[in-house]
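Welcome! Please open the model in your viewer and keep the sequence panel at hand.

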Amino acid sequence: MPDELNLSNLKPAQARKDRKRIGRGLGSGKGRYSGRGLKGQKSRSGSHKMRPGFEGGQNPLYMRLGKQRGPYSKDAMPMGPHRTSTQPVNVAALEERFDAGAEVTPETLVEKGLLRNTRIDVKLLGQGDLTKKLSITVHAASASAREKVEAAGGSLTLLREPKERRPKRKPQKQQQGAAPPEAEAEPEAEEAAEPEEPEQPEEAEEGEEG
């Protein structure tokens, strides 16, 4: 840097680079086609604003590949890939941030920096170890997290009752060789349908008469 600054020795901190001047005649080196070549989509205006993955209108790669089963389509949102309706918090984080006997709530989790806000439900997960006695109040908790909290002498209160899942009913398989219940009931119905014969009185013996 010179000792005395004046207009003759001033320089920018970073060297400037002249912009590319296209369409200024054949002698400029960027005339005629302005560096875009002959014809085609990329020679037109607006051709460089194509979205990522665009293949010129043909069936793109992400549509040619096979699809996985499950509710991962846009129509099935918010149940899309890697989307959950709860914020996970592990017991290892509580062991690190809270003192023994402290109360753990969504508000205190925000104060400790474990959550950004309280707009989304909190679910306690059981990753890590917990040795401190804590009184925890969250929206949901896993079975392993409940076991570790109770083993440390703490308490766990849920703000939302867990939904009971109905067990799926499996069709009962018929035993081999056993007739279906409908077939067993048919002969009984036939017997009931037959009219009973009236009992005929026994003929008196000839010797007993008179």
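Here is a short tour, from the whole chain to single residues.

This is a predicted model, in which local features need pLDDT of at least 70 and side-chain atom pairs count only at pLDDT 80 or more, while totals for chains, interfaces and linings use all residues. Numbering starts from 1 along each chain as its sequence is written, and side-chain values use heavy atoms, leaving out hydrogens and water.

Start with a cartoon view of the chain. You will find five helices and six strands (DSSP runs numbered from the N terminus: H or I of at least four residues for helices, E of at least two for strands). From the N terminus, their order is α-β-α-β-α-β-β-β-α-β-α.

Now colour by burial. Of the 210 residues, 16% are buried (under 20% relative accessible area, with a 1.4 Å probe and protein chains only).

Zoom in on Val104. Beyond its neighbours within four places in sequence, Val104 contacts (heavy atoms within 4.5 Å) Leu94, Phe98, Leu109, Leu134, Ser135, Ile136 and Thr137.

Finally, select Ser142, in the loop between β5 (140-141) and α4. Is Ser142 buried or exposed? Ser142 counts as buried because its relative accessibility is 17%. Leaving out residues up to four places away in sequence, Ser142 touches Lys123, Leu124, Leu125 and Gly126.

Technical notes. Buried < 20%, exposed > 50% of the residue type's maximum accessible area, 1.4 Å probe, protein only.
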